[in-house]
Amino acid sequence: MLVLFETSAGYAIFKLLDESKLSQIEDLYQEFNTPEGASSVVKLKNFIKFEDTTEALAATTAAIEGKLSKTLKKALKKYVCKDVQDQLLVGDAKLGSAIKEKFDLQCVSNSNVQELMRCIRSQMDSLLTGLPKKEMTAMALGLAHSLSRYKLKFSPDKIDTMIVQAQCLLDDLDKELNNYVMRCREWYGWHFPELGKIITDNTLFVKIVKLIGTRDNASKTDLSDILPEDLEEKVKEAAEISMGTEISEDDIMNIQNLCDEIISITEYRTHLTDYLKARMMAMAPNLTVLIGEHIGARLIAHAGSLMNLAKHPASTIQIFGAEKALFRALKTKKDTPKYGLIYHAHLVGQCSTRNKGKMSRMLAAKAALCTRVDAFGDEVSFELGAEHKVKLENKLRLLEEGNLRRISGTGKAKAKFEKYHSKSEVFQYPVSGDSTLGKKPIKREHSPEEDGQVSSKKIKLEDGAEDVKPKKKVKAEPEDTADGHDQLDNGTAVPEKKKKKKKKSLDASQAEAEVMAEVDEAQEQPEEPKSEKKKKKKRQSQVEEE
């Protein structure tokens, strides 16, 4: 049974002299207390030395990844495949499976083998003959340095470091620029104080100061490349009537040197911003699309790296940067902060004050998802970040419109969502409704709002009972005619004329009162059927003929 042992100087192949020792692992370390005891258990068969540090680095990197290096393949072909009978003891299980696939050798890797490897490592100097201890230490140190540089070169944390440093430098540059511009405005304000009120943009102010120098040169200087015409006229007019003090040429030279520094720092800041944006899009595209490169870089800088940020929950990302306020609130038992660095994101800035907490919570949840995809995904694109951004913008619009309900995939939520979205429904005009053929006439009633109660009553009378006076005649005439016939039979016809005269002599007020009374009676009484009306008309016509 052979043992494959890896060192910083090369591969060592030992032969296990007593295979029973592998099963008695509890007492194995006692055998390796002395070099003689170690040599009684294992014996060095072959040692394949690395030619240089590059070969050693390639072999170590392949072993870490569970792959076979060229040096190991040659050694196994030359020394192991011919002599091994049943098993090969290997310290790494991944390496053992790779050897088994390549050479069809049965490899063993378990806790007993690991203990045997530890025992061999403790007596490595005595077992590996021909290699001095100093040389082994130097080779181990060189391999450690090379492996560290290799890991740093291909580590994703390396780009994180560049992002963190660039963002910290940007913050420092902003502070320095603010100090320099304030100093320039105050310094030049003693000579030309009106310029600071006319020009509010700091970059424009610095460029104008550098161009005109003292205010006496303002009228001669052409500022059309920097300023529009109206502002240029204002600056020149203010320079003629300025109340500032006079300064010397040395003073204005130092002020102009300060302006040069401000302009150069501003240009460098622009260049650094482009660099940071490119790095963020390459490293964390989803996070950059969702919350912007500056806020994303600040979150990464606060967490330490993208991997550390991906391990944090959404609730922690939400209050990153507000730790002092959080612990102060916990100490005083008051309300905890709702947002930290994420407050400066574009989506949170668009919200009203009452919705900022909700939006920061939703944005932190989506940012946590995007960060994990960026950190642990294989082929990362910005599609997830763009999709989440569109969803958050829709929710922001709903919040600002006053629809505070949760929008999800349920039926109730969908119905609530549809309330606030107009549907285009087309109604067709019923053409058949214009025809009145074959239909009974419908009585039309005016609303009381248009004509009042009195007019509506009159209209009902006109439609339903035709008129008030004919009714009186219809009712009174049969009686009168009957009485008249009786009186004619008796030979007296005068009372009929007297009754007519009395009716004519009634006052107009009494007639109106009677009309109103009959209107009320007509409303209270149910309408008579049509057959009775026909009978009345027939009777009336017969009476008139007689």
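**Sheet pairing, salt bridges and surface charge**

Strand β4 (residues 88-90) pairs with β5 in the parallel sense over 2 bridges. Pairing requires at least two DSSP bridges between two strands. Strands (E, at least two residues) and helices (H or I, at least four) are DSSP runs, numbered from the N terminus. The model is predicted: local features need pLDDT of at least 70, side-chain atom pairs count only at pLDDT 80 or more, and totals for chains, interfaces and linings use all residues. Residues are numbered from 1 along each chain as its sequence is written, and side-chain values use heavy atoms, with hydrogens and water left out.

The open sheet has 5 strands in the order β3-β2-β1-β4-β5, with mixed pairing. β3 (42-49) and β5 (107-108) stand at the edges. Each has a single partner strand, so one side of each is left without a neighbour in the sheet.

The structure holds 10 salt bridges. A salt bridge is a side-chain nitrogen of Lys or Arg within 4 Å of a carboxyl oxygen of Asp or Glu. One of them joins D260 and K210, with the closest N and O atoms 3.6 Å apart. D260 lies in helix α14 (residues 249-283) and K210 in helix α12 (residues 202-212), so the pair ties together parts 50 residues apart in sequence. D260 is partly exposed at 32% relative accessibility, and K210 is partly exposed at 38%. Here buried means under 20% relative accessible area, exposed over 50%, and partly exposed in between (1.4 Å probe, protein chains only).

E387 and K391 also form a salt bridge (3.6 Å, N to O). Both lie in helix α22 (residues 383-401), 4 residues apart, about one turn of the helix. In helix α13, E232 and K236 are likewise 4 residues apart. Their side chains meet in a salt bridge at 3.1 Å, N to O. E232 is buried at 10% relative accessibility, whereas K236 is partly exposed at 22%.

Helix α13 (residues 229-240) also holds E233. E233 belongs to a negative surface patch with E229, D230, E237 and E240. Patches comprise residues with over 30% relative accessible area and no salt bridge; like charges are joined within 9 Å, and nonpolar side chains (Val, Leu, Ile, Met, Phe, Trp, Tyr) within 5 Å. A positive surface patch is formed by K534, K535, K537, K538 and R539. K537 is in helix α28 (residues 530-545) and is exposed at 55% relative accessibility.

Note on methods: Accessible areas come from the Shrake-Rupley method with a 1.4 Å probe; for residues, only the protein chains shown count as cover. Lys and Arg count as positive and Asp and Glu as negative; His and the chain ends are not counted. The place of a charge is taken as NZ of Lys, CZ of Arg, CG of Asp or CD of Glu.
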